[in-house]
Amino acid sequence: MALVRAIADVCVPAGQGADLRTDESSRAKRFERIFTPHLDAAYNYAHWLTRDARNAEDVVQEACLRAFKFLDSFNGDSARAWLLAIVRNTYYTWHQKHRAEALNVPFDEETMIANGADPGDLESSVGSVEQLLEQKDAKRLVNEALATLAEEFREVIVLRELEDLPYKEIAAIAGIPIGTVMSRLSRARKLLLQHLQRARQED
């Protein structure tokens, strides 16, 4: 894969010794074997975070460089979750560098509960969201609705509904407790459905 070869070339310049290049070549093959199947998921996730195709490519390329550099720290758990966590961290580094103001929406579970949300009804809207995502004619509306969500909500619903990751892996990627993942998903689903309902009424 061209990206993997490029990563190996960047990490080990041509002037280095043959033994070092052979070692890095085997690491590149290991990286390719483990992570190539998850590059589409990495790009999709980055695209939803950046909301721009070119920026998503930049984030994924930088994330792959980081993943290759720290490949020896990969302990063999979920390769997809490990790579997506690096994509997320890379995105936030990129965001701070390229944006004068980051989109920050205050969020905590206590505030959400105080505003009437019930963490116990997490699954109440799951079926509705899944049905909408499966309808081809609703794809544009769903994409527009997802784009309106704050990053905290958009990333968890993308990881859960589009990438089909379990709560535990989402928590690891986002660096938040599972309870917070569940609360954010509940809120994200409600906001998504509200936006879709309004869009349909306007149509």
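**Close-up 1. A cluster of aromatic rings in the predicted model.** Here you're looking at Phe31, Phe35, Phe68, Phe74 and Trp82, which ring pairs link into a cluster. Across the whole structure, the tally of aromatic pairs comes to seven.

**Close-up 2. Tyr91 and Tyr92, an edge-to-face pair.** As a reminder, two numbers describe a pair of aromatic rings: the distance of the centres and the angle of the planes. For Tyr91 and Tyr92, the ring centres sit 5.0 Å apart and the planes meet at 65 degrees. Are the two residues buried or exposed? Tyr91 is buried, at 2% relative accessible area, while Tyr92 comes out partly exposed, at 22%.

**Close-up 3. Helix α3 against helix α4.** Residues 39-50 form α3, and residues 53-69 form α4. Their axes run 8 Å apart, and the helices pack at an angle of about 130 degrees. That angle makes α3 oblique to α4. The crossing of α3 past α4 is right-handed.

**Close-up 4. Who touches whom between α3 and α4.** On the α3 side, look for Leu39, Ala42, Tyr43, Ala46, His47 and Thr50. They meet a set from α4: Ala53, Asn55, Ala56, Glu57, Val59, Val60 and Cys64. Sort the residues of this contact by type and you get nine nonpolar, three polar and one charged.

Key
Residues are numbered from 1 along each chain as its sequence is written. This is a predicted model: local features need pLDDT of at least 70, side-chain atom pairs count only at pLDDT 80 or more; totals for chains, interfaces and linings use all residues. Side-chain values use heavy atoms; hydrogens and water are left out. Axes are lines fitted to C-alpha atoms, for helices over the stretch in contact, and angles run from 0 to 180 degrees between N-to-C directions. Helices (H or I, at least four residues) and strands (E, at least two) are DSSP runs, numbered from the N terminus. Angles under 35 degrees count as roughly parallel, over 145 as roughly antiparallel, 65 to 115 as roughly perpendicular and the rest as oblique. A crossing is left-handed if the near helix is turned anticlockwise from the far one by less than a right angle, and right-handed if clockwise. Contact means heavy atoms within 4.5 Å. Ala, Val, Leu, Ile, Met, Phe, Trp, Tyr, Cys and Pro count as nonpolar, Asp, Glu, Lys and Arg as charged, and the others, Gly among them, as polar. Rings of Phe, Tyr and Trp (its six-membered ring) pair if their centres lie within 6.5 Å; planes under 30 degrees apart count as stacked, over 60 as edge-to-face and the rest as tilted. Buried means under 20% relative accessible area, exposed over 50%, partly exposed in between (1.4 Å probe, protein chains only).
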